[in-house]
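Trainee: I'd like a close look at one chain of this model. Please start with its contact and work onward from there.

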Amino acid sequence: MKKTIHIYMNNVPLQMHFGATHKHALLRLDEKLYEKVLEKKADIYDDRGNRVQMDGALEEGVSYYVQEHKTDS
Amino acid sequence: MQAFRKQHSFHVLRFLSIIALTFLILIGLSTDYVTAAENDKKVTIIHTNDIHAQIDDFAKLAAYKQKEEQESDIFFYVDAGDIFSGNPVVDMNKGAPIVDLFNQVGPDLIAIGNHEFDYGQDHLNERIMQADFTFLSANTKVLDASLSQPAPFKVFEKDDVTIGFIALTQAPPATAPKNIEGIEFHDYKESILQTMEAEELQDVDVLIGVNHIGLAEDRKLAEELDVFDAIIGGHSHTEMQNEEVVNGTTIVQAGSHLENIGNMTIILDAYNNIDSIDWTLQSVEQLTEKDEKVQESIDAYNEQMEEELNEEIGETVALNRGARYQRDTSLGNFWTDALRRVVEDSDIAVTNNGGIRADIPAGILTYGHIYEIEPFANEVMVIEMKGKAVLDVLEFSYTREGRNQIDLQTSGLEYVIHVDEEGNYVSVDATVGGEPIEKEKDYTVVVPDYIGTGGSGYNFEGKVITGKAGLMTDTMIDYAKELVETEGIIDVKAEGRIQIKQEAPEKITVAEARDLSVGERVTVEGIVLVDSGAWGAEGFYVHDGTGGINVYQFDQEVQEGDRVIVTGEIDDFNGEIQINSVSSVEVIGNESIPEPTIITIDDLNEGLIGELITLKQGTISELEKVDDYGTFEFKVKVNGSNESIQIRVDSRTGLSFEDFAFADADVVDLTGIVGIYNGTLQIKPRKAEDIVAYEEDIEEPTDPNEPEDPETPEEGEDSPDGDTEEDSSGSDNNKDEEHAAPGTGSNEGSQLPETATNTWNIVAIGGVLFFVGTGMLFIIQRKRKINKS
């Protein structure tokens, strides 16, 4: 059984449990980011610019970024 | 000449032959080229992944699939796994609705994802039997389990093209361990190499991996193995903008929840060699065509379930999970109370924070809410565990993978995690049913099977009594119904079952604490001067001989005389230093509080803040009520001093304005704690008994012939039959009499009673006059003698 997954979220290294999703990583890093993604005010991207969903599985060694949506104003 | 002609004719013939041959070769080549272009084949593969039971757009998926199939020479639709879990419409029926819809859409195959095991192997078997398509997994090896061994690959031959598909499942799958008991999940690379030995795969023209292992693992596999022409992935929910090509293998993935459909076009030449692979991502939102028959099925499923899910259970307060990483929550308490209730005689119920998926808003609770907060269809498991194993679980729950946060909500079990200044685990204290947990005692523990069987790394070591005590959702619905029936509303709150306590700073005196800056954490020990709550929340004053200080806190009720150790932060409340943000109040004993210090008004200064003092003979003035709850203030002035002091009586002391027995101009002795509010010193009585009528202190005459005895009855009290008429009225009347005496203008006070004190005074005055007269006589006689001489 795999034990942990090491990722980066917004350049912050995080050690996550096996089976953890982006949601868990966001909650670990900053619950406000989690709320923003939940409210569709921001999205999560992997290190190649692909958008990933909140409940997607975290992958070992991958860097993720949260990018807030630009407002009209 | 003939000879020349012959020779010439030969050269001409040879020249013409070369021309003709060249022409034929060119024609032949040209014909061959044209034939090849006409023989190109277009293979279209549309794909989805991680749909997670989202069925609403299946009509669009069906219409899109039909359109693409019509426009393609060779067509496939594949899904890369995780079609289950995430929508009660599907989950309540263990996946049957979505398999039915897939049957209508018509995929060729689906890779088994980790969530395909969520409903258990028996239900997965049922779905496999229900499906008109094939579930694949090349690395799943069923050893001793009810699951039917899935096929590792599938080969199709269409239009003289042979295309093979091999599927991989996340190893091990992230699902409840019990769902995969008896199944092995093998290494990806080894599984592919072993699968490739199959005879059917030896001559495939195109080989596609359909993997539910995540994009990073797909890349790794493509680097290590040169076998796949393309990999269609899932599990990481990656919405790829463009295909990636790794070691000649095209890798794609289409997001999740049926928001997109991937579309891969493979061009093969006449020899079935791959000319090109192109890929696009089709947004489902942008699709407009729907298959009407499929839509009818979707509507029927939603309508059927909507009715069930919208059914009302009853009224509820808001059940929140927001603070679950720091303490117990209302939702966690509701949840675990429901679990404990379902198993008779159970001692403890726990659930992991990760399983609580949403909040429940205040209002009407519906069945749908329950399925939203618990969408995993987890079952209730009962384990008999030693107390030590429970403590180990609690330690693990806080420390696992370095999280350092609360992870278990509890019922029956209350616990405190002690941490150091950095938040690292130090120890845990736990009680079960209010008693300290015993390491060797057996406890009946109710848990969700996800963690009870090892999910998230938990080890609930003990004897499993049952792994099937019902669905978590059912237990919560039943408990909610019971609460509504018995109490009319679901009113569960956070109540301090779980706490994190930081290691206390080194103990210092109250005087030292008072000198610290706001925000500094302190630990002090002292005697509680007043029952908690006299001035709001569960606040109280504590004194240690060096000084006193207010402790403002909410959690711990204390009594006057309790010896306590308090940890909190220095705070400034409108000019008064106090301890706030209290993390710990530990009662370690009970003893007498120190006697109040008797002071005069002139003694009052800020150095006395927090001290218990008594001020005698104060005359009340400016008595007024200051709020609707009965809190009141007045001033007192003492004869001989020009100063007055403000007295504030908070109704939470138990004494309110309406019950106050004194009025302006009354003279009282009062006891209280010195405080300050916005620069104004004030005395704060703690209870009704702290304000009494002033009684003049008059020293009793001492009869040198009688032994000193304070109990000696006064005149009129020595009758054999005891009580006089006045005496029989009791102490309450005495109190009333005291109230009336000073400053009331009562006629009874205009003539002093005949007492021993008055007689003694007369004797004393006579003595003094005697000595003065004798002295004067002596002086006169001396003067006469001098004059004579």
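Mentor: The contact draws 20 residues from chain B and 21 from chain A. Contact here has a cut-off: C-beta atoms, placed from the backbone, lie within 7 Å. This is a predicted model, so local features need pLDDT of at least 70 and side-chain atom pairs count only at pLDDT 80 or more, while totals for chains, interfaces and linings use all residues. Residues are numbered from 1 along each chain as its sequence is written, and chains are lettered from A and ligands numbered from 1 in the order in which they are written.

On the side of chain B that touches chain A, helix H7 (215–224) and strand E11 (238–239) of chain B each give two or more residues. Helices (H or I, at least four residues) and strands (E, at least two) are DSSP runs, numbered from the N terminus. By class, that side has 12 polar, 5 nonpolar and 3 charged residues. Nonpolar covers Ala, Val, Leu, Ile, Met, Phe, Trp, Tyr, Cys and Pro; charged covers Asp, Glu, Lys and Arg; the others, Gly among them, are polar.

Strand E4 (residues 51–52) of chain A joins E11(B) by 2 bridges, running antiparallel. Pairing takes at least two DSSP bridges. Val52(A) faces Thr238(B) there, standing opposite.

Now to helix H8 (residues 292–309) of chain B. Its 18 residues should span 26 Å at 1.5 Å a residue, and the end C-alpha atoms are 25 Å apart, which agrees. The expected span is 1.5 Å times one less than the number of residues. Buried in H8(B) are Val294(B), Ser297(B), Ile298(B), Tyr301(B) and Met305(B). They cover an arc of only 100° around the axis, which puts them on the same side of H8(B). That arc is taken from the directions from the helix axis to the C-beta atoms. The face turned away carries exposed residues, among them Glu292(B), Lys293(B) and Glu296(B). Buried means 20 or more other C-beta atoms within 10 Å of a residue's own, exposed 12 or fewer, and partly exposed in between, with C-beta atoms placed from the backbone. The cover over the buried residues includes helix H2 (58–70), helix H3 (88–91) and helix H4 (96–105) of chain B.

Last, a sheet. Five strands of chain B form an open sheet in the order E20-E17-E24-E19-E25, with mixed pairing. Strand E20 (408–411) and strand E25 (463–466) of chain B are the edges, each pairing on one side only. Strand E19 (residues 380–386) of chain B joins E25(B) by 3 bridges, antiparallel. Glu384(B) stands opposite Lys463(B) in E25(B).

Technical notes: Two residues are in contact if their C-beta atoms, placed from the backbone, lie within 7 Å.
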